[in-house]
Amino acid sequence: MAYDASTLPDVSGLTVGIIGGTGDQGRGLAYRFARAGQSVLIGSRAAVRAAEVDAEIAALRGVPADAEVAGAGNEEVARRSDVVVIAVPWDGHAATVGALAGPLAGKIVVDCVNPLGFDRQGPYALTVAEGSAVQQAAALLPDSRVCAAFNHVSAPLLADPEVDRIDLDVLICTEDRELVDVVGALAARIPGMRGIYAGRLRNAHQIEAFTANLIAINKRYKAHAGLRVTDL
């Protein structure tokens, strides 16, 4: 079955919250969604910092003048959003996600965290007791609808106002097939992106780990490499 963006649902009315929205990846995703006209809430442990970032994003090239971009504390963002992206550092993942189990109940949660370590030889994948970051999130959020996506999107590309298209595929792992279309539709709001189903949550660990390979590729070739699935 060929990829067909015309079959995706309309997600333009959804509010997307970014937990960790002041970090590089979260800020970049917030910018791209705001630029696409999505309502965006930027979350941070420090609400003041989140408010500073939302003002910075709203002023960037391509963001509509009437864009709805706001900053708040993580708990408020989780409560007010329809879809919540987890984009926090790995070392704070379990504590941050676990603390938000209440306000995230019933919400779509997209985890894009990659458990990586770094030493003199570069990045490497870490062992996660639950299997992967998204499986850890699913265990901590039994009442949420959880998937992995946006793990391999270059933060510098996301944040660069001069980049109009980001030509890559977003691999989506989930037990909930309906989420594939919803998250795929959000990905498609960013020109050049496609959301592609890549298996159940148990298959997410190799997707998260592959980011170490991409970092090596980018360092060697001075690029911002992504993934594109062929024959779709």
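I take contact to mean heavy atoms within 4.5 Å. The model is a predicted one, so I keep local features only at pLDDT of at least 70 and side-chain atom pairs at pLDDT 80 or more, while totals for chains, interfaces and linings use all residues. Residues are numbered from 1 along each chain as its sequence is written, and side-chain values use heavy atoms, with hydrogens and water left out.

**Entry: helix α2**

I take helices (H or I, at least four residues) and strands (E, at least two) as DSSP runs, numbered from the N terminus. I call a residue buried under 20% relative accessible area, exposed over 50% and partly exposed in between, with a 1.4 Å probe and protein chains only. In α2 I found Ala-50, Val-53, Asp-54 and Ile-57 buried. Viewed down the axis of α2, these buried residues fall within an arc of 105 degrees, so they line one face of the helix; the arc is that of the directions from the helix axis to the C-beta atoms. They pack against α1, β2 (39–44) and β3 (69–73). I also checked the length: the 12 residues of α2 (residues 47–58) should span 16 Å at 1.5 Å a residue, and the end C-alpha atoms are 17 Å apart, which agrees. The expected span is 1.5 Å times one less than the number of residues.

**Entry: helix α8 and what follows**

Helix α8 (residues 204–221) has 18 residues and reaches 26 Å from first C-alpha to last, close to the 26 Å expected. Its buried residues are Ala-204, Ile-207, Glu-208, Thr-211, Ala-212, Leu-214 and Asn-218. I listed their packing partners as β6 (116–119), β7 (122–125), α5 (133–140), β8 and β9 (168–174). Just after α8, Lys-222 takes a positive phi of about 50 degrees. Lys-222 is exposed, with a relative accessible area of 75%.

**Entry: Phe-150 and its partner**

I found one aromatic pair in the structure. Phe-33 and Phe-150 form it edge-to-face, 5.9 Å centre to centre and with 90 degrees between the planes. The rule I used pairs rings of Phe, Tyr and Trp (its six-membered ring) if their centres lie within 6.5 Å, with planes under 30 degrees apart counted as stacked, over 60 as edge-to-face and the rest as tilted. Phe-33 belongs to helix α1 (residues 24–35) and Phe-150 to the loop between β8 (145–148) and α6 (155–159), 117 residues apart. Phe-150 counts as buried at 2% relative accessibility. Phe-150 also has a positive phi, about 65 degrees, although it is not a glycine. Most residues other than glycine have a negative phi.

**Entry: nonpolar cores**

I define a nonpolar core as a set of buried Ala, Val, Leu, Ile, Met, Phe, Trp, Tyr and Cys residues joined through side-chain atoms within 4.5 Å. The largest has 42 residues, of which Ile-18, Phe-33, Val-110, Phe-150, Val-170 and Met-193 touch the most other members. Its largest share, seven residues, comes from helix α7 (residues 177–188). Apart from this core lies another of 25 residues, among them Leu-100, Val-113, Leu-141 and Cys-173.

**Entry: Gly-20**

Gly-20 lies in the loop between β1 (15–19) and α1. At 13% relative accessibility, Gly-20 counts as buried. Leaving out residues up to four places away in sequence, I find Gly-20 touching Gly-26, Gly-43, Asn-74, Ala-87 and Val-88.
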